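Me: Hello! Could you walk me through this structure with some questions and answers?

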Amino acid sequence: MKKKEIKSNSDFVNGLFDGIPIGLGYLSVSFGFGIMAAGAGISVFEAFMISLTNLTSAGQAQGVSIIAAGGTLFEMALVQFIINIRYALMALSLSQKLDESFTLPHRFLAAYGITDEIFAVCSTKEGTIKPKYMYGVITISTLGWVSGTFLGAAAGEILPASVTSALGLVLYGMFLAIIVPPARKHLGILFTVLSAALMSVICRFFFPDISGGFAVIICSVIAAVLAALIFPKKEQEEVKE
Amino acid sequence: MTIAAYIVVMAGVTYLIRMLPFAFFRKKIKSTFLKSLLYYVPYAVLSAMTIPAVFYSTGSFPTAIAGTVIALILAYFDLPLIVVALAASLTAFLTGFIF
């Protein structure tokens with residue numbers, strides 16, 4: 001590609017470019033989600049629709065297990081609320097960085113694409129964020145996310161069990177990669193991670209009647225409240241993953 | 001319950017969480033407790049979701065444990081998400097031939 005084209009000041013293209021690593025990462029992680037969904041008896045089209053309308057890993061993974069277990073819609077709503085409430089914080093923080101061309105209709109549209117990774121790219125970008133830039137990042141990321149889901153769900157029906165069962169680890173591997181590095185550096189996060197894990201194990205073995213979704217909510221809320229009380233976050237510490 | 005109903009609820013709740021603060025909120029949260037809580041929630045959720053579920057994710061404890069250990073080691077050394085995720089999966093696949 002010529003330098004001129006790279007330097008082209010089309011914000012959309014810049015966004016696409018910055019979003020390539022996210023799209024590639026999403027492609028492989030959502031492949032794991034697709035396989036997980038297929039394993040839970042969800043069709044390729046349904047898995048595709050879940051990824052297209054939700055664009056989030058943890059919420060979708062837990063959502064699929066609620067569907068598989070035949071949970072109530074109330075449980076589904078509550079679980080999505082708790083798991084995804086972090087996006088509200090990111091949306092809040094990102095809203096302070098928006099260009100003045102970011103009018104209300106643009107905000108309605110771009111809000112769809114607030115994920116951990118897109119937030120990370122947009123919030124660390126120099127200067128203000130223009131709608132077209134954010135659309136670029138969202139487009140390439142969503143493309144990776146839905147095509148990976150489609151391929152994974154389709155492959156889940158074809159691939160041998162030895163492969164699909166191993167791919168069941170992809171999403172969890174990513175979750176570990178998100179929580180371990182900050183837990184090393186921040187005592188409060190280490191405490192949060194360990195106490196949530198411990199309670200989750202206790203729930204699983206001693207209170208098996210509590211459904212998976214509610215168990216995650218109970219454990220994570222208690223762990224986060226304890227951490228917030230014992231290790232209140234100081235002003236200068238930034239949310240970095 | 002149809003799967004479509006689940007999808008609508010999932011997508012609706014998730015969108016509103018993103019949209020409402022993005023479009024309408026203009027103030028800053030002042031409460032240290034609330035800020036700390038929001039800061040810790042994602043880590044708590046991911047941890048509770050992963051453990052112990054990860055050990056059941058491959059249908060075989062030994063392969064799942066091997067994959068998890070590799071993931072923990074690579075994550076400890078701060079490798080990229082995608083490397084950790086795929087290495088964990090590959091480990092489970094390879095140890096599947098042994099166990």
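Predicted model: local features only at pLDDT ≥ 70, side-chain atom pairs only at ≥ 80, totals over all residues.

Me: What radius of gyration does chain B have?
Reply: For a compact globule of 99 residues, the radius would be near 13 Å. The C-alpha atoms of chain B fill a box of roughly 55 × 40 × 20 Å along the principal axes. The radius of gyration of chain B is 19 Å.

Me: In what order do the elements of chain B run?
Reply: Helices (H or I, at least four residues) and strands (E, at least two) are DSSP runs, numbered from the N terminus. Chain B has 4 helices and 0 strands. From the N terminus on, the order is α-α-α-α.

Me: Which helix of chain B gives the most to the side that touches chain A?
Reply: Two residues are in contact if their C-beta atoms, placed from the backbone, lie within 7 Å. In these terms, 59 residues of chain B are in contact with 79 residues of chain A. Helix 1 (3-24), helix 2 (32-50), helix 3 (61-76) and helix 4 (81-95) of chain B each give two or more residues to that side. The one that gives the most, with 18 residues, is helix 2 of chain B.

Me: At roughly what angle do helix 10 of chain A and helix 3 of chain B cross?
Reply: Axes are lines fitted to C-alpha atoms, for helices over the stretch in contact, and angles run from 0 to 180 degrees between N-to-C directions. The axes of helix 10 (residues 169-185) of chain A and helix 3 of chain B come within 8 Å. Residues making the contact include Gly173(A) and Gly67(B). The axes cross at roughly 35°.

Me: And at roughly what angle do helix 3 and helix 4 of chain A cross?
Reply: Here the axes of helix 3 (residues 44-54) and helix 4 (residues 57-69) of chain A come within 10 Å. Among the residues making the contact are Ile50(A) of helix 3 and Gly63(A) of helix 4. The crossing angle is roughly 140°.

Technical notes: Residues numbered from 1 in each chain as written. Chains lettered and ligands numbered in written order. Rg over C-alpha atoms; globule rule 2.2 N^0.38 Å.
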